[in-house]
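Please find below a short note on the model under review.

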Amino acid sequence: MAGLPGAYITFWEDFLYHDNVTAEDLNETVGSSAVQAPSYAHGGWWRQSNDGGDADDCLLTGSLVWEVDEGQPLVAETRVKNDQVAATAATGSGIFFGMTDAITETSGVNPIHAEAATLTTTASDAFGLLLDESSVSGTTNLNWYAAGVRSDTDTSLTATTGTPLASAGVAQVLRLVATTADSGTVRAYVGAEGAMGGGDLGATLTSAFNSATVLCVALGSDDRGDDADTDWDYIYVSAPRT
């Protein structure tokens, strides 16, 4: 069955827009003065711009159509860069990529985010990779973290190891592989900008999400201090059919 074209369900979004100013078949939510729109860079990118305020958030989600119980492994991948990621208290951004149980969150707040190593979840079931922010301003830790929430119970905030650190203006590949094992297992990969389809395994979470919950892909950003642009190159999600 693996060789049949219809054996896998695949979603691919490359942001190849010209006249359209909104994402097709995707859901946009923003808070305060934040905006998001195509950036029209080579190959198509999606830009989330946050204006330096605590309430500035951007969230972009797909459709609620992915249930790991019905098709595993589920694989989700993106490539992302941010112009203000820096290990100082004055600049920086929080970034989230993963799967969640709702297509919108109030004011575009990311379904999972962290500030000063304190994990906050607005979703009941979700998992993903994220950058941590300080509680005052800026991204003070350039390491990617994996986290999840299963039936309103959060996992620990788990730092990836052996993976590239975030760097301002440098694209990185984020890849998640989810299965039903051990009450919802997530393997989180981070790679250099050319590592599409791969990356280095940085963390493995168990009891990370309810695999019977229908999920959507989500990518989001927020900031502290300076204005920040987060650019997303593509979204890829795939899982076997039942």
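The points below take up the strand and then the cavities.

1. This is a predicted model, in which local features need pLDDT of at least 70 and side-chain atom pairs count only at pLDDT 80 or more, while totals for chains, interfaces and linings use all residues. Residues are numbered from 1 along each chain as its sequence is written, and side-chain values use heavy atoms, with hydrogens and water left out.

2. Strand S5 (residues 57-61) is largely enclosed by the rest of the structure, because five of its five residues are buried (under 20% relative accessible area, 1.4 Å probe, protein chains only; strands are DSSP runs of E, at least two residues, numbered from the N terminus). Asp-57, Leu-59 and Thr-61 point one way from S5, and Cys-58 and Leu-60 point the other way.

3. Strand S2 (residues 27-31) runs antiparallel to S5 and is joined to S5 by five bridges. Gly-31 stands opposite Asp-57.

4. The count comes to two cavities of 30 Å³ or more (a cavity is a set of points on a 1 Å grid over the protein atoms alone where a 1.4 Å probe fits but cannot get out; lining residues have an atom within 4 Å of a point).

5. Strand S6 (residues 74-82) gives the largest share of the lining of the largest cavity, three residues. Among the lining residues are Trp-144 and Gln-172.

Key. Buried means under 20% relative accessible area, exposed over 50%, partly exposed in between (1.4 Å probe, protein chains only). Helices (H or I, at least four residues) and strands (E, at least two) are DSSP runs, numbered from the N terminus. Two strands pair if DSSP finds at least two bridges between them. On a 1 Å grid over the protein atoms alone, a cavity is a set of points where a 1.4 Å probe fits but cannot get out, and a pocket is an open set with protein on both sides within 12 Å along at least five of seven lines; lining residues have an atom within 4 Å of a point. Grid points are joined across faces, edges and corners, and a volume is the space filled by probe spheres set on the points.
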